Amino acid sequence: MKRALKACLEAMNTADDYQAWADAAREYDRLSGNEEWREEDASPHYDYKMIRLRFNELRTARQRGDVDQLVFYINEGLHGNLGRIANPMLYQHCYFGTKALIGEYLDEVCACLQWICDTDFPNFSLVQKLEFFERTHQSFGESGLMLSGGAALGMFHLGVLKAMWENSLLPSIISGSSAGSIMASVAATHTDDELEAMLDPEYIYAEAFRMVGWRGTLRGKGILDPAQLELCLERNVQDMTFEEAFHRTGRRVNITVSPADPHQESRLLNAVTSPHVLIRKASLASCAIPYVYPPVMLWAKNINGEKVPYIPSRQWVDGSIKNDLPIQRLARLYGVNHTIVSQTNPHVIPFLSRNKSSDKTIGSYVKEMVVSNTRSNVNMLLDYTKNKLSNRGLALLVDKAHSIVSQSYQGDINIVPAREPMNAFRVLSNASPDDVARYIRAGETSTWPQLEMIRNSTSISRTINTCLVALKAEEERELEEYSQSHARA
């Protein structure tokens with residue numbers, strides 16, 4: 001038995017794709033007895049009695065064809081974490097998936113929503129359907145994918161994007177900071193048909209770094225040449241505004257930029273807040289690490305389609321400094337209340353847990369307590385120092401340090417690369433095609449164990465969105481038919 005389990009683990013480690021990994025993970029769970037845990041409803045980590053009751057109520061109402069009762073049940077109890085079904089502890093026991101009851105419940109909710117959408121009812125009109133789904137969409141919320149900073153290590157995000165896209169789980173709402181902004185821009189400006197080529201290691205242009213020489217550095221131009229980074233963006237990101245990208249792909253990309261001076265606030269650039277800003281320039285600004293790259297002025301297209309400076313009196317730098325993960329702003333703009341984070345910041349990933357076991361040791365709790373206390377003390381010290389300094393340049397530097405320390409760098413689901421000490425020396429290094437392939441592979445293999453949790457956590461919101469698109473298309477057809485018949489009359 002031990003040999004068979006070891007063979008399953010080896011097959012998971014060497015799998016060429018997600019299907020091969022999933023097959024090996026399922027076989028491990030079967031041989032180890034994890035399958036029995038999955039089939040049993042009970043667990044202290046969620047309210048299984050409530051979920052079983054809700055499942056039976058929903059199924060019974062749908063089978064009876066009682067749309068009014070079904071709508072009442074959904075309005076009454078639809079929630080992404082009802083009974084704590086999204087508790088990460090429920091995904092720690094098995095290598096693949098979680099309790100069967102949770103899958104059954106989510107499938108039933110989606111079946112009910114699809115049935116309401118597809119069925120014609122004499123007492124539940126198209127207008128009522130649209131009102132129901134729009135209200136449900138607003139109350140239930142959406143999931144967003146957030147790509148952190150990390151310089152060259154940010155190519156790990158490409159593997160995360162690839163794994164989620166190949167399994168039809170890539171959210172339409174994507175944010176990116178610093179290096180993550182480049183990967184988000186790649187996804188935002190390329191259609192699904194084009195993404196397959198863009199996620200090929202041989203296609204990605206990864207030469208973003210070039211030294212400017214000591215003379216340029218002494219003149220305040222930074223250590224690296226921004227023209228080389230801009231060339232990298234031109235090769236990977238199509239030349240369009242946030243609004244143009246949204247109309248082309250339907251993906252709602254968001255890029256964070258930080259202020260270059262202390263009298264500005266960080267901004268989240270997207271098709272809502274800054275529709276005419278050029279994505280390439282936004283990403284260039286988000287990648288402008290202070291003292292490594294010079295600050296960047298944004299550009300936009302005016303009403304005539306001409307490229308002009310955008311807020312020319314202001315310059316912007318690395319988005320990770322102030323707002324690596326813009327959770328609150330995405331919540332306000334798009335109703336995002338569930339976040340999937342791909343985290344590659346070199347100053348963050350050493351402190352993030354990768355432990356598969358559900359049982360924490362005393363040592364792990366002590367470590368968390370020490371890290372938390374240290375961070376809190378450093379945060380207070382930097383805040384105090386910032387307010388006492390009279391030197392503007394030094395005060396700005398301390399303010400940036402304070403912002404880095406005080407941020408939260410985790411979401412509801414976190415995808416983190418394996419610890420590799422040598423990565424610290426690759427942060428500002430150009431990657432060869434072999435390096436890019438290695439980063440993408442790392443991103444894929446780190447995402448595969450999380451895919452079933454992502455699938456479950458997003459299944460209801462994806463179904464609601466699909467139904468809304470179908471119902472709005474039906475409404476447009478009815479309006480067009482009415483207009484045509486009215487014109488003939």
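Student: Which helix gives the largest share of the lining of the largest cavity?

Tutor: First, the terms. On a 1 Å grid over the protein atoms alone, a cavity is a set of points where a 1.4 Å probe fits but cannot get out; lining residues have an atom within 4 Å of a point. Helices are DSSP runs (H or I, at least four residues), numbered from the N terminus. Here, α9 supplies the largest share, 4 residues. Both α9 (179-189) and α12 (226-236) give at least two. This is a predicted model: local features need pLDDT of at least 70, side-chain atom pairs pLDDT 80 or more, while totals for chains, interfaces and linings use all residues. Residues are numbered from 1 along each chain as its sequence is written, and side-chain values use heavy atoms, without hydrogens and water.

Student: How much space lies in the largest cavity?

Tutor: Volume is the space filled by probe spheres set on the points, which are joined across faces, edges and corners. The largest cavity holds about 250 Å³. Of its 20 lining residues, Ala151, Ile182, Met183, Ala208 and Phe209 are the closest to the centre.

Student: How many residues of that lining are nonpolar, polar or charged?

Tutor: Ala, Val, Leu, Ile, Met, Phe, Trp, Tyr, Cys and Pro count as nonpolar, Asp, Glu, Lys and Arg as charged, the others, Gly among them, as polar. This lining has 18 nonpolar, 2 polar and no charged residues.

Student: What lines the second largest cavity?

Tutor: Its lining includes Gly80, Tyr91, Phe140 and Asn456. α20 (451-488) and α6 (100-118) each supply at least two lining residues, and α20 gives the most, 3. The volume is about 80 Å³.

Notes
1 Å grid on protein atoms, 1.4 Å probe; cavity = no way out; pocket = protein on both sides within 12 Å on 5 of 7 lines; lining within 4 Å.
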